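Let's take a walk through this structure together, from the overall picture down to a few spots in the backbone. Keep the 3D view open as you read.

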Amino acid sequence: MSVLIRGGEVVTANDRFVADILCEDGIIQAIGVDLDAPAGAEVVDASGQFVFPGGIDAHTHMELPFMGTVSADDFYTGTAAGIAGGTTTIIDFIIPGRNQSLIEARESWFAKSAKACGDYAFHMAVTWFSEQVDREMRQVFTENGISSFKTFMAYTGAIGVDDAELISIMDTAGDLGALVTAHCEHGQAVIAMQKKLLEQGHIAPKYHARSRPTWVEGEATNRAIMLAKNAGQPVYIVHLTCKESMDAVYRARKEGQLVWVETCPQYLLLDDSVYDKPNFEGAAYVMSPPIRPAGHQEHLWAGLAMGAIHTVATDHCPFRQTDQKSMGREDFTKIPNGAAGIENRMALMYTYGVTTGRLTLEQFVDVCCTRPAKIFNLYPRKGAVLVGSDADLVVYDPSASGTISASDHHHKVDRNIFEGFAIKGAVSHTVANGKVQYAAGDLRVERGAGRYLPRHPG
Ligand code: URP
Ligand code: ZN
Ligand code: ZN
């Protein structure tokens, strides 16, 4: 199976040049001018369009059992939506319950992910600590190339860890040369504030945000960074949302500490007025951390522009409004936390990052495609336009335009938190694993064709 992408402007994290790209047997075989199409090759005319490496979303939750329900996209529908939006690889999370074996959870996640149509890797969440957990962290690192371990400083009493556990997890990960990633919110403070708000009769979605103000995240971000410093290791902060957290990052970076930072489009593009929507519509935006007051977004854009924020992921974790978000109609703490975004990430970042002049095209490619691959040991197989890399490529037509809507997205949910957002440009073709899997609105994915990607450090 061959695909020739002809005459596009190839954009990488460092470069722009016009070239043809020949893909054969799932690999980029040649990059050059006037390449011949082998017999039977599918030819994609990319003239006047950009060609990016396939997008990598380093933070998704497909089919996640969470808060009494299960996130609405499974590995098939979620990776399909990704491919429709130019994301060809995801890094999802195996999340064992507290006291559950990591190996048992691994088996259950591998069973679910077999239906993925896009390539995928796993972070392993570590939700408790013991000698067994220490052993099993080493086991999944060796056996599965799971080289990043996720910790939750929130969700206390469920999947959250305390500081002593976090220190132990960092020690084991450090021993392995693996990376610890952290969801930073002060779990105990959230519980205390939730309790107080509910006692005062505040049950509506907007109180979700009130129970998790920015200091809750800033404090925990600073603590995670301090604990990583104590462990002598880098740390990756997931879904950073606010100025207080950026301040903690800048302080550490000035002292020479290596802190990787991820943010998401919803934190760049929405403000907390979304929680004031009538008729329980604010529930669609209930996620943790919450959407922030106006003002914080500019700190994130600045962090991206100056390279202090390294990746843009989605935290794709969709729940239907009708029968899932509605579980929290009488109590905001029961609204399942999360929203969809995988299909929209590339177009949103192109539109609101590149065309506004906030990011160069190369920076856009770096944060959406290349840097996640480098940080998480997927590069240069993924995130690159190089001979020998996987043939995962996105042809993006800058002359197209559109509007985001739940009425035509591929996410299996009834709301889109970016409903009505104008989009400049559009993915015209997605080549994944050497095949044209999306072409001008035609999604041609194959259930089960996605491959698991081990990530042994290089
Ligand atoms: O609200 C969110 N973010 N849901 C998914 C789980 C997590 O915290 O990442
Ligand atoms: Zn999180
Ligand atoms: Zn998440």
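How does the radius of gyration of the chain agree with that of a compact globule of 458 residues? Bear in mind that this is a predicted model. A compact globule with 458 residues would have a radius of gyration near 23 Å, and the chain has 21 Å, so the value agrees with that expectation. Along the principal axes, the C-alpha atoms occupy a box of roughly 70 × 50 × 45 Å. Of the 458 residues, 62% are buried. Look also at how the chain touches itself: among contacts with a separation of 6 or more, 76% are between residues 24 or more positions apart. The secondary structure comes to 12 helices and 19 strands.

Now zoom in on a pair of helices. In general, two packed helices are described by the angle between their axes and the distance between the axes. Here, helix H4 (residues 163–176) packs against helix H7 (residues 214–231) at about 45°, and their axes are 10 Å apart. That angle makes H4 oblique to H7, and their crossing is right-handed. From the H4 side, Asp 163, Leu 166, Ile 167, Met 170 and Asp 171 take part; they meet Arg 223, Ala 224, Leu 227, Ala 228 and Ala 231 of H7. Sorted by type, the residues of this contact are seven nonpolar and three charged, with no polar ones.

Next, turn to the backbone. As a rule, most residues other than glycine have a negative phi, and most peptide bonds are trans.

Start with the peptide bonds. Ser 288 and Pro 289 are joined by a cis peptide bond, with omega about -5°. Pro 289 sits in the loop between helix H9 (265–269) and helix H10 (296–305). Another cis bond runs from Tyr 379 to Pro 380, where omega is near 5°. For Pro 380, look in the loop between helix H12 (361–375) and strand E16 (393–403).

Then come the phi angles. Asn 99 is not a glycine, yet its phi is positive, about 75°. You will find Asn 99 in the loop between strand E9 (87–94) and helix H2 (102–113). Asp 315, also not a glycine, has a positive phi of about 55° and belongs to the loop between strand E15 (311–312) and helix H11 (345–354).

Are these two residues buried or exposed? Asn 99 has a relative accessible area of 56%, so it is exposed. Asp 315 counts as buried, because its relative accessibility is 9%.

Methods: Residues are numbered from 1 along each chain as its sequence is written. Chains are lettered from A and ligands numbered from 1 in the order in which they are written. This is a predicted model: local features need pLDDT of at least 70, side-chain atom pairs count only at pLDDT 80 or more; totals for chains, interfaces and linings use all residues. Side-chain values use heavy atoms; hydrogens and water are left out. Axes are lines fitted to C-alpha atoms, for helices over the stretch in contact, and angles run from 0 to 180 degrees between N-to-C directions. Helices (H or I, at least four residues) and strands (E, at least two) are DSSP runs, numbered from the N terminus. Angles under 35 degrees count as roughly parallel, over 145 as roughly antiparallel, 65 to 115 as roughly perpendicular and the rest as oblique. A crossing is left-handed if the near helix is turned anticlockwise from the far one by less than a right angle, and right-handed if clockwise. Contact means heavy atoms within 4.5 Å. Ala, Val, Leu, Ile, Met, Phe, Trp, Tyr, Cys and Pro count as nonpolar, Asp, Glu, Lys and Arg as charged, and the others, Gly among them, as polar. The radius of gyration is taken over C-alpha atoms; the globule rule is 2.2 Å times the number of residues to the power 0.38. Buried means under 20% relative accessible area, exposed over 50%, partly exposed in between (1.4 Å probe, protein chains only).
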